[in-house]
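User: Please examine closely how the packing is arranged in the structure shown below. I would appreciate one connected account, with the geometry of each contact and the residues that make it.

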Amino acid sequence: MPKRLSTILQYCLFLGLGVFLVWLSVRNIDAQKWQEIKDALRHARFYLAIPVFGMLLLSHYIRALRWRLLIEPLGYKTDKTNTFLAVLIGYLANMAVPRLGEVLKCTLLARYEKVPADKLVGTIVLERLIDAMCLLIVFGLTIITQPGLYARLSDTVFVSKEGASTEQSGGWGQFILPVLGGLIIIAIIAWMIIKKKNFGDLLRLFRNIGMRIWEGLTTIRHLKKRGQFLLLTLCIWALYLTSGYIGFLALEATQHYGFPEALTVLSAGSIGMIVTPGGIGAYAFIIEKTMEMYGLQQSIAAAFGWLLWIAQTLVILVGGLISFLILPWYNKRKA
């Protein structure tokens, strides 16, 4: 299958999944619930969007600073503004086509900072590995502070409250994991058939992936500013967490929730942003089901999920579009 056609099919699949999750999010909202959403939004503290917007923008700037630390061992010191603008443009491109942002921001930085693009790709891979490790830590903290949380979340997502017995709920929660495992096995078998690979090729693939992950993580030891790198990483995730907590304060129905719930929203929402391009549909749906698990009314939970998604998306849309305009002007002026 041609690579371009494969990319298009993959994008259509995930976009279709996002549209499906949007439908799931709104299908049970009747006229009365729409009125409840309107009432909740009418009394919402929209001015809190300003600090949330600022925190998310700051997290992207700190991410740019952290990226510069990964580039320095290559023998290049990139301009902070160029790196920041490239990061924002990359986020914007990822909303349109998955993984396009990584390629585009490397290309832009290579053009304006004269850094070989292939070397920059290695830093992006390492950065993604570090983010994956951080997300695992967030999951771990969520489980430690709230034992049994993900089992309840699974039941909340896959079981309708109307007419679902406790026995059925437990059955669904136990059923979904084998189904997901079966889908993964089917995907692996399909990959082996299409690529004409055998079991030995599959083992070598997993071994190579493991070796690359290990090599990527061990390169952190060669950073001259490891303490600064870890501090910047901590600041990024702390800003994510705090912005979610401030989001609770925007609605009267959610203002009593605290940082443990914000930690759950951060971990669940991170999955939503990965599942579909820009998190469309998936982010709001997962946040809705997460907040329902905490006893929040379904219509308000849906509104809260969409509010958080809109806030994050606006930061990327506004920041990315402005960066497209500023980047060539800034470098022309600097030259």
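Analyst: Among contacts in the protein chain between residues at least 6 apart in sequence, 70% join residues at least 24 apart. The model is a predicted one, and the values that follow are computed from it. The protein chain contains 13 helices and zero strands, so that its pattern along the sequence, by the DSSP assignment, reads α-α-α-α-α-α-α-α-α-α-α-α-α. Of its 335 residues, 42% count as buried.

The packing may be approached through helix 13. Two packed helices are described by the angle between their axes and the distance between the axes. For helix 3 (residues 49-71) and helix 13 (residues 298-334), the angle is about 55 degrees and the axes are 10 Å apart. Helix 3 is therefore oblique to helix 13, and the crossing in which helix 3 passes helix 13 is right-handed. On the side of helix 3, the contact is made by Val52, Phe53, Leu56, Leu57 and His60. Helix 13 contributes Ala311, Gln312, Leu314, Val315, Ile316 and Val318. By class, the residues of this contact of helix 3 with helix 13 comprise nine nonpolar, two polar and no charged.

Helix 13 packs against helix 4 (residues 80-96) as well, at an angle of about 140 degrees and with the axes 8 Å apart. This angle makes helix 4 oblique to helix 13, because only angles over 145 degrees count as roughly antiparallel. The crossing of helix 4 and helix 13 is left-handed. In the contact of helix 4 with helix 13 there are 13 nonpolar, seven polar and one charged residues.

Lys332 is a further residue of helix 13. Its relative accessibility is 70%, and Lys332 therefore counts as exposed. The C-alpha atoms of Lys332 and Tyr112 are 9.9 Å apart, although 220 residues separate Lys332 and Tyr112 in sequence.

Returning to helix 3, one of its residues is Arg63. Arg63 has a relative accessibility of 3% and therefore counts as buried, the cut-off for that class being under 20%. Leaving out residues up to four places away in sequence, Arg63 touches Val87, Tyr91, Glu127, Arg128, Asp131, Ile236 and Tyr240.

One of these partners, Asp131, takes part in the contact between helix 6 (117-145) and helix 10, where Ile130, Asp131, Cys134, Leu135 and Val138 in helix 6 meet Phe229, Thr233 and Trp237 in helix 10. The residues of this contact of helix 6 with helix 10 are six nonpolar, one polar and one charged. Helix 6 and helix 10 (residues 226-248) pack at an angle of about 55 degrees, and their axes are 12 Å apart. The two helices are therefore oblique to each other. Helix 6 passes helix 10 in a right-handed crossing.

Leu74 is placed in the loop between helix 3 and helix 4. With a relative accessibility of 32%, Leu74 counts as partly exposed. Apart from neighbours within four places in sequence, Leu74 is in contact with Lys119 and Thr123. Leu74 and Leu120 are 46 residues apart along the chain, and their C-alpha atoms are separated by 8.9 Å. The second residue, Lys114, belongs to the loop between helix 5 (100-113) and helix 6. Lys114 is not a glycine, yet it has a positive phi of about 60 degrees. At 65% relative accessibility, Lys114 counts as exposed.

Just after helix 12, Gly295 adopts a positive phi of about 95 degrees.

Methods:
Residues are numbered from 1 along each chain as its sequence is written. This is a predicted model: local features need pLDDT of at least 70, side-chain atom pairs count only at pLDDT 80 or more; totals for chains, interfaces and linings use all residues. Side-chain values use heavy atoms; hydrogens and water are left out. Helices (H or I, at least four residues) and strands (E, at least two) are DSSP runs, numbered from the N terminus. Axes are lines fitted to C-alpha atoms, for helices over the stretch in contact, and angles run from 0 to 180 degrees between N-to-C directions. Angles under 35 degrees count as roughly parallel, over 145 as roughly antiparallel, 65 to 115 as roughly perpendicular and the rest as oblique. A crossing is left-handed if the near helix is turned anticlockwise from the far one by less than a right angle, and right-handed if clockwise. Contact means heavy atoms within 4.5 Å. Ala, Val, Leu, Ile, Met, Phe, Trp, Tyr, Cys and Pro count as nonpolar, Asp, Glu, Lys and Arg as charged, and the others, Gly among them, as polar. Buried means under 20% relative accessible area, exposed over 50%, partly exposed in between (1.4 Å probe, protein chains only).
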